[in-house]
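Welcome! Please take a moment to look it over before reading on.

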Amino acid sequence: MTDNTVTITDNRNGAHADFDILDPVVGNSCIDVRQLTSKLGLFTYDPGFQATASCRSDITYIDGDEGILRYRGYPIEQLAEHSNYLETSYLLMYGELPSAEQYQTFKTSIKNHTIVHESLMQFINGFHNDAHPMAMMVGVVGALSAFYHDSLDINDPKHRDQCAHRLLAKLPTIAALCFRHAMGQPPVYPSNELGYIENLLNMMFSFPSAEYHVSPIAARALELIFILHADHEQNASTSTVRLSSSSGANPYACIAAGITSLWGPAHGGANEAVIRMLEEINDPGEIQNYVSRAKDKDDNYRLMGFGHRIYKNHDPRATIIRKAANDLLDELETINQPLFEIAKQLERIALEDDYFVERNLYPNVDFYSGIILKALDIPLNLFTVVFAMARTAGWISQWSEMIVDQEQRIGRPRQIYTGIENRNYVDISNRGM
Ligand code: CMC
């Protein structure tokens, strides 16, 4: 036995074996249980993988207790202050910040891939105009695989890069097309003159009949949302991308699977829930009633946008985005709208009220991102689409990392079988009622 092992003993029969402890650069150590079944005939039981590391990864580090989020070792605060979404995407994908030349080449490549095939428009036009944009995104992003047969070899690094660039470039175009379709408005093609975020806003909100100017404060607020949501290590949608690609499936289909997972209200829907809550409160005079309900042990009502499963002391992303939300509200002079007034008062209460302070229930990133997206006039059902666009950088980085990871196997969890052990088929005439 060495120091860096754990001995597992089966107390039923005394069988025991040693297992290595794997140490990360920072964070919790892991017991390497890969030989558990061959050594002891046991599986592990961990629904939701709360105590299971599914991979080794160099990309993102989170310490929920300390409120730390780092991409490739860089604190999120520094990236939010100095970087932009495209540069952050490069960092996530390739592991280093780009040189000026690398950045220029990357930017040019992304710009060159923003247009989607005209046939894809027919997919979008085929949806009813009240189709949920996430339903459209799942279908249309998955359908991209039908357009690039010639570059789907996931074992070819060039093909992988092409797929990654296409996804990063085309997601905003597809999202904007879905939005325009739902609004019954003409499509707006991407513009290579504009930055990544400005281009997205332009495709969403400009009209052929009137000039549209992207407000720098609005673009910056949206850019921050993109940077802060670009990756969050092995969350449900990222794990979905990894699991679906573990079978060798093509990346467009795998990212569509990630979008599907993100669509769930427990994952990507929190900022939408924030605005629905603010709309339900409706009147600043009603705030205290809702706060009392949230504090009442006999009422399972919760204030949306408060608390976090992982960040128990503070959400570093919330600290960063709070200022952007306030700047935007000031610029748009929407501060007096009842909805934003309610948000301000709720924030103040949560930061002062003992119930929230004692439990560390501070406003989380979704509280502020919900406010920003609402202030930008982005419809509620598009909020998760914004999240999906931002998370694309993380998904493709995690996918690329996984493809070349020699330790990865096709994902195949085990189970505890709880059904009937064995029985004989009974003919239908003998089955009774
Ligand atoms: N409003 C009122 N009370 C709350 C809230 C809330 N939003 N969240 C937690 N509590 C109370 C909870 O009742 C419990 O009280 P007590 O100790 O007296 O029983 C205590 O705080 C601890 O709650 P918990 O359920 O143990 O905390 P959790 O880690 O299981 O839940 C959470 C975290 C995010 C699910 C929860 O805070 C919540 O439901 N928040 C509202 C929904 C929300 O904003 N979700 C988005 C989170 S960020 C998503 C992302 O990053 O992807």
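## How residues are sorted

A few words first on classes: Ala, Val, Leu, Ile, Met, Phe, Trp, Tyr, Cys and Pro count as nonpolar, Asp, Glu, Lys and Arg as charged, and the others, Gly among them, as polar. With those classes, the shell around the ligand has 7 nonpolar, 5 polar and 7 charged residues.

Please keep in mind that this is a predicted model, in which local features need pLDDT of at least 70 and side-chain atom pairs count only at pLDDT 80 or more, while totals for chains, interfaces and linings use all residues. Residues are numbered from 1 along each chain as its sequence is written, and side-chain values use heavy atoms, with hydrogens and water left out.

## Around the ligand

The ligand is surrounded by 19 residues, where a residue is near a molecule if one of its heavy atoms lies within 4 Å of it. The closest of them are Lys297, Leu303, Gly305, Arg309 and Lys312.

Tyr355 has a polar side-chain atom 3.0 Å from a nitrogen atom of the ligand. For Arg359, a polar side-chain atom lies 3.0 Å from an oxygen atom of the ligand, and for Arg317, an N or O atom in the side chain is 3.2 Å from a ligand oxygen atom. On its own the ligand has 950 Å² of accessible area, and the protein covers 70% of this; accessible areas come from the Shrake-Rupley method with a 1.4 Å probe, and for residues, only the protein chains shown count as cover.

Two kinds of space are searched for on a 1 Å grid over the protein atoms alone: a cavity is a set of points where a 1.4 Å probe fits but cannot get out, and a pocket is an open set with protein on both sides within 12 Å along at least five of seven lines; lining residues have an atom within 4 Å of a point. Grid points are joined across faces, edges and corners, and a volume is the space filled by probe spheres set on the points. The whole structure holds 3 cavities of 30 Å³ or more, and the largest cavity has about 60 Å³ of space. Its lining consists of Ala325, Asn326, Leu329, Ala343, Lys344, Glu347, Phe367, Tyr368 and Ile371. Helix H14 (316–332), helix H15 (338–352) and helix H17 (365–375) are the elements that give two or more residues to this lining; helices (H or I, at least four residues) and strands (E, at least two) are DSSP runs, numbered from the N terminus. By class, the lining has 6 nonpolar, 1 polar and 2 charged residues.

The second largest pocket has about 220 Å³ of space. It is lined by 18 residues, and Leu86, Lys111, Leu194, Gly195 and Tyr196 are the closest to its centre. Helix H4 (100–112), helix H7 (157–183) and helix H8 (196–205) each supply at least two lining residues. This lining has 8 nonpolar, 6 polar and 4 charged residues.

## The sheet of E1, E2 and E3

An open sheet of 3 strands has the order E1-E2-E3, with antiparallel pairing (two strands pair if DSSP finds at least two bridges between them). Strand E1 (5–9) and strand E3 (30–31) are at the edges, each pairing on one side only.

E1 and E2 are joined by 5 bridges, with Thr7 partnered by Asp18 and Ile8 by Ala17. Their hairpin has 6 residues between the strands, and Gly14 in the turn has a positive phi of about 80°. Strand E2 (residues 16–22) pairs with E3 over 2 bridges: Leu22 stands opposite Cys30, and Ile21 has Ile31 as its bridge partner.

## The sheet of E4, E5 and E6

Another open sheet has 3 strands in the order E4-E5-E6, again with antiparallel pairing. Its edge strands are E4 and strand E6 (74–75).

Strand E4 (residues 60–63) and strand E5 (residues 68–71) are joined by 4 bridges. Thr60 has Tyr71 as its bridge partner, and Ile62 stands opposite Leu69. In their hairpin, 4 residues lie between the strands, and Gly67 takes a positive phi near 70°.

Methods
A polar contact is a pair of N or O atoms within 3.5 Å; within protein, one must be able to donate a hydrogen and the other to accept it, and residues adjacent in sequence count only if both atoms are side-chain atoms.
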